[in-house]
Amino acid sequence: MSNQAQAAMAQPESLAETLEEVLAGRRSIRRFSGDPVREEDIRRIVRAGGLAPSAGNQQMWRFLVVRSRALIDQMHKAVLEAVEDVLSWEESREYEGRISGMRNGATFFAQAPVTIAVLSKAYDQPLDLHVLPARGYTFEQVYRLRGDPGRQSVGGAIQNMLLMAHALGYGACWMCGPLVAGPALERLLKVEEPWRLVALVPVGVPAQSPGVPNKKSQEEISAFVD
Ligand SMILES: Cc1cc2nc3c(=O)[nH]c(=O)nc-3n(C[C@H](O)[C@H](O)[C@H](O)COP(=O)(O)O)c2cc1C
């Protein structure tokens, strides 16, 4: 191999190693110090989200950066109320132990100085939006057949933001638990059709360094289908 070719190979390997370090080092962070997140870092995190692939490159996402303490407190209250409401249902009684974990598991975003509310909308494809429904497919059947490309796309954007937050030294967590109060949160955040709130991502300086949770091995999660 020529020196030039060897030099060209060296770069991707170091890039892969750096990427592996970022991927493996990222953890869901659920406790934050009171320290702020620099605005330029927030912009960098959101920019990383926008670099994700998306179906048809439609970039069907919006990120609302919430820093207002008053608004975050209102969001926290709305989620807590929704969790308490669910816990009061007879249907929850059997699962009370696990659902009560949501009192903290769905509300800790309020500790962080910044919460990014992630919005997404449907993939704009005539087949999904017009042809299949006209053919009698319910929306659920359309999603099942087509794999909900809008939601898949926004997932990639969220992961990019988590990785950038980690690379910048912050902690973050992908949260769907708060969506138990979805309609109330959408009202507070003034989310309008066709946008839907799909996740909250609190970002802050970590006040914990959790160990690596059990991750399945490559052999367990993959199969070569030759
Ligand atoms: C779609 C999605 C929703 C999640 N929602 C919550 C949540 O509401 N509350 C929470 O504490 N963690 C939530 N998590 C974080 C997971 O619990 C976490 O990723 C998992 O335990 C693995 O830990 P790790 O992120 O440190 O690798 C969510 C993760 C994903 C991907």
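Start with Glu-39, which pairs with Arg-43 in a salt bridge whose closest N and O atoms sit 2.6 Å apart. Keep in mind that this is a predicted model. Why can these two meet? Glu-39 and Arg-43 are 4 residues apart in helix α2 (residues 39–50), so about one helical turn separates them. Side chains of opposite charge can pair when their charged atoms come close.

Glu-39 has another partner, too: it forms a salt bridge with Arg-67, with 3.0 Å between the closest N and O atoms. This pair ties together distant parts of the chain, since Glu-39 belongs to helix α2 while Arg-67 lies 28 residues away, in the loop between β1 (61–66) and α3 (69–88). Glu-39 is partly exposed, at a relative accessible area of 36%, and Arg-67 is partly exposed as well, at 45%.

Now step into α3 itself. Here Arg-69 forms a salt bridge with Asp-73, and their closest N and O atoms are 3.2 Å apart. Both residues lie in this helix, 4 residues apart, or about one turn. Arg-69 comes out as partly exposed at 38% relative accessibility, and so does Asp-73 at 40%. Elsewhere, salt bridges with shared partners join Arg-38, Glu-40 and Asp-41 into one network. The whole structure holds 9 salt bridges.

Finally, head over to helix α6 (residues 126–134). At its start, a side-chain oxygen of Gln-125 reaches to within 2.9 Å of the backbone nitrogen of Leu-127. After α6 comes Gly-136, with a positive phi near 100°.

Notes. Residues numbered from 1 in each chain as written. Predicted model: local features only at pLDDT ≥ 70, side-chain atom pairs only at ≥ 80, totals over all residues. Heavy atoms only, no water. Polar contact = N/O pair within 3.5 Å; in protein donor to acceptor, adjacent residues only side chain to side chain. Helix = DSSP H or I, 4+ residues; strand = E, 2+ residues; numbered from the N terminus. Salt bridge = Lys/Arg side-chain N within 4 Å of Asp/Glu carboxyl O. Buried < 20%, exposed > 50% of the residue type's maximum accessible area, 1.4 Å probe, protein only.
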